[in-house]
Amino acid sequence: MITLAAIIPAFNEQDTLGGILRVLLAAGINEIVVVNDGSHDATSRIAHSFPVKVIDSSENQGKGEALMVGVREATAPVLLFLDADLVGLTVAH
């Protein structure tokens, strides 16, 4: 089995983040890093309700910086980058 980390930059994604995290956990991905990039909605609260690593930025730094924060936090040798607003993601993907 390949050990990988899913890195998810998130900015105001309260409506979709939970669904993404449920799919990743059901798929057996054991390292998930959510970088909450200064959201003003419930994104952080939702991320913290899952057994994942959450990095909260106090202000929006942009997607590129959020990705780099996730890269620095991840420990797995293979990285999977996913947007927090994906629609229709399933375990089969």
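Which side chains meet in a salt bridge with E65? The partner is R72, with 3.2 Å from N to O. A salt bridge here is a side-chain nitrogen of Lys or Arg within 4 Å of a carboxyl oxygen of Asp or Glu. We'll come back to that pair after a walk through the fold.

Some ground rules. This is a predicted model, where local features need pLDDT of at least 70 and side-chain atom pairs count only at pLDDT 80 or more, while totals for chains, interfaces and linings use all residues. Residues are numbered from 1 along each chain as its sequence is written, and side-chain values use heavy atoms, with hydrogens and water left out. Helices (H or I, at least four residues) and strands (E, at least two) are DSSP runs, numbered from the N terminus.

Let's start with the sheet. It is open, has four strands in the order β3-β2-β1-β4, and its pairing is parallel. Strands count as paired if DSSP finds at least two bridges between them. At the edges sit β3 (53-57) and β4, each pairing on one side only. Neighbouring strands are turned against each other by 20° on average, direction ignored; the axes behind such angles are lines fitted to C-alpha atoms, for helices over the stretch in contact, and angles run from 0 to 180 degrees between N-to-C directions.

Now take strand β1 (residues 4-10). Six of its seven residues are buried, where buried means under 20% relative accessible area, exposed means over 50%, and partly exposed is in between (1.4 Å probe, protein chains only). On one side, β1 pairs with β4 (residues 78-81) over four parallel bridges, and L4 stands opposite V78 there. Six bridges join β1 to the parallel strand β2 (residues 31-37). In that strand, E31 is the bridge partner of A5, and I32 stands opposite A6. From β2, five bridges lead on to β3, again in the parallel sense, with V33 partnered by K53.

How does the chain get from strand to strand? β1, helix α1 (residues 17-26) and β2 make a right-handed β-α-β unit. Right-handed means that, with the strands pointing away from the viewer, the path from the first strand over the helix to the second runs clockwise. The crossover from β2 through α2 to β3 is right-handed too. Helix α3 (residues 63-73) lies across β1, β2, β3 and β4, and runs at about 145° to β2.

On to the packing. A nonpolar core is a set of buried Ala, Val, Leu, Ile, Met, Phe, Trp, Tyr and Cys residues joined through side-chain atoms within 4.5 Å. The largest one has 18 residues, and those with the most contacts inside it are I8, L17, L21, L24, I32, V34 and V52. β1, α1, β2 and α2 (43-48) each supply at least two residues of this core, and the largest share, four residues, comes from α1. If you want to zoom in, L24 touches A6, I8, I29, I32 and L82, not counting residues up to four places away in sequence; contact means heavy atoms within 4.5 Å. There is also a second, separate core of five residues, including V33, V35, I55 and V69. In soluble globular proteins, nonpolar side chains tend to be buried together.

Finally, back to the charged pairs. A search of the whole structure finds three salt bridges. Another pair is E73 with K53, whose closest N and O atoms are 3.2 Å apart. That one links distant parts of the chain, with E73 in helix α3 and K53 in strand β3, 20 residues apart. E73 is partly exposed at 30% relative accessibility, and K53 is partly exposed at 37%. K63 and D83 also meet in a salt bridge, at 2.8 Å from N to O. K63 lies in helix α3 and D83 in the segment after β4, so this pair ties together parts that are 20 residues apart in sequence. K63 counts as partly exposed at 46% relative accessibility, and D83 is partly exposed with a relative accessible area of 31%.
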